[in-house]
Amino acid sequence: MYEDKFAKNKIKKAFETANGKAFIAFLTAGDPDADSTVRFVLEMEKAGADLIEIGIPFSDPTAEGVVIQDANIRALKNGMTTDGAFEIVRRIREVSQIPLCFMTYCNPVFHYGYDRFFSKCEELGVDGIILPDLPYEEKAEMEEPANAHGVAVISMIAPTSEARIQTTAKEAKGFIYVVSSMGVTGVRSEIKTDLASIVQSVREVTDVPCAIGFGISTPEQAKKMAGISDGSIVGSAIVKIIAAKGKDAAPDLAEYVRSMKEAVALA
Amino acid sequence: MSKGRYGIHGGQYISETLMNELIRLEEAYEHYKNDPEFNAELTKLFNEYAGRPSLLYYAEKMTKDLGGAKIYLKREDLNHTGSHKINNVLGQALLAKKMGKTRLIAETGAGQHGVATATAAALLGMECEIFMGKEDTDRQALNVYRMELLGAKVHPVTSGTMTLKDAVNETMREWTNRVHDTHYCLGSVMGPHPFPMIVRDFQSVISKEMKEQILKAEGKLPAAVIACVGGGSNAMGAFYNFIEDKDVQLIGCEAAGKGVDTALTAATIATGSLGIFHGMKSYFCQDEYGQIAPVYSISAGLDYPGIGPEHAYLHDIGRAQYVPITDDEAVDAFEYLARTEGIICAIESAHAVAHALKIAKNFGKDESIIINISGRGDKDVAAIARYRGVDIHD
């Protein structure tokens, strides 16, 4: 259903790189302010990011570690809202066609109204949405209105998913977000999960690309993870740079993203 | 639609990492709830350890003073550890043990659920870690030490508003970190399915006993059952076996704090709206963008921005009524019950007492109302003294 709507969805373009691997970068809308978020996204695109996830801040981000929790608090304190995040996308879209996904929690989307939210996504060119508190069992209420507007609801697979891997993957759209480790988001020195076999299991049932996130911060990790999947997702390490440098983070972000993209390109 | 629905409410809005664990928990619960051996063990713990059945006490002085319905008090405050929380905790801890878990984690607001969980962990030889908002560890320092005496590790939570909702956030995060040997002993009829069902079932012993006791004492059902509601576990337990008895009014008392027309309130039904949070669809105090509101109540146990999904449903269909009670009204009722009946109840339960004081006279002398005294008030004495401007150097 809605194939015509998905024809212009840009997520697949993120994986149309020389080696078919994507580097996906996350940042929180409004951290430290809207102008900076627009600038950071464009800067990261220039430095090689293939897809950007923009976090709509939520008061109670239960899937996040301390680094992104703090970014949520900073953004909300600075007055960022769902409408503010849409405005950021509008400004990005004036100059860029980079694939974009929102990442947030169910409640801000539910409260905005599903149809109103996703028609705005369609109008502004948001290609997907990642909701860590929306498992397979509950996705229907969100997916129907999202798909009607050509927006992909990104499926997540975790180290504990077992038999759920293929059930989830079969219905996945856009890309599949493979959670690397137990716990919440945040930098980790080591990733122990047998991700290769999870990705293998996904590939048995779908062609939708898989990217791995949670805990990735170094080029070595990014290369390794993209090597066993179709891409690496980095959030906390980027948000840390923004936390440290504030509005002046652009040069550091560019340098960091360039090093990560180079590593992913060699995967 | 997914499992665990109460009308449009409930569901399982939780991270993928926890889904298989919730499925296993539901399977284990469905198995053991009909297992005679499990039930015999739990009943033994209830009766010989927790002190069940709890008394249904006829409050004669209160009845005379209020001049209406006969007032009965369901004395959950007399349970071991001092509140109804032990009912759910013993059930869940025993279930977790059968599932092979060796570690319990839990959130706590006032500390009652934390103390109960630490108690069950000590008794059953399990590890225990409790997450409690920093604001609450300060308000309830005695309960923190009590949990530590019982062998639990207490983590003060410094994120967000540093109260009950943040303690739930942090316990959920910890559960996703370590799920293989750990059970999240959730303290109220909230969260993702199957928790609202499991907690309700273990708490429903309250209304099961109430019904037997009131029929014995009065020969007929009560006109009303009144209980305080935060997440709503004592109220759900007190209501459950009366839901089919349509003539019994079910009344939940929410914490209005400084008043429902102020920002300093925790009255979810009165001031909240439909949302999705902490694993469930239900009513929540939130702003125009769905950001969860900081809530306030004098009672740390009712200081929560949501309400369990079955309560939300009982509200929708009009089977139960939810009324706001302010700090002032609750403190007055706390003092009234102490002076009239010699019972110092929890400030949470005092919200239910306060509503009974308002409505008792509307009933006939041949009718009865039952107030669920969900906990004892020793923990609140210092806070009440502060509220009244009395310096007691605790």
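How many residues of chain B are in contact with chain A? In this predicted model, in which local features need pLDDT of at least 70, side-chain atom pairs count only at pLDDT 80 or more, and totals for chains, interfaces and linings use all residues, side-chain values use heavy atoms, with hydrogens and water left out. Residues are numbered from 1 along each chain as its sequence is written, and chains are lettered from A and ligands numbered from 1 in the order in which they are written.

Contact (heavy atoms within 4.5 Å) joins 36 residues of chain B to 36 residues of chain A. About 3,000 Å² is buried between the two chains, 50% of it from carbon and sulfur atoms; this is the accessible area (1.4 Å probe) that two parts lose on being put together, summed over both. On the side of chain B, E16(B), R173(B) and Y289(B) lose the most area to chain A, together 26% of what that side buries. Five salt bridges (a side-chain nitrogen of Lys or Arg within 4 Å of a carboxyl oxygen of Asp or Glu) are counted between chain B and chain A. One of the residues named above, E16(B), forms a salt bridge with R164(A), with the closest N and O atoms 2.8 Å apart.
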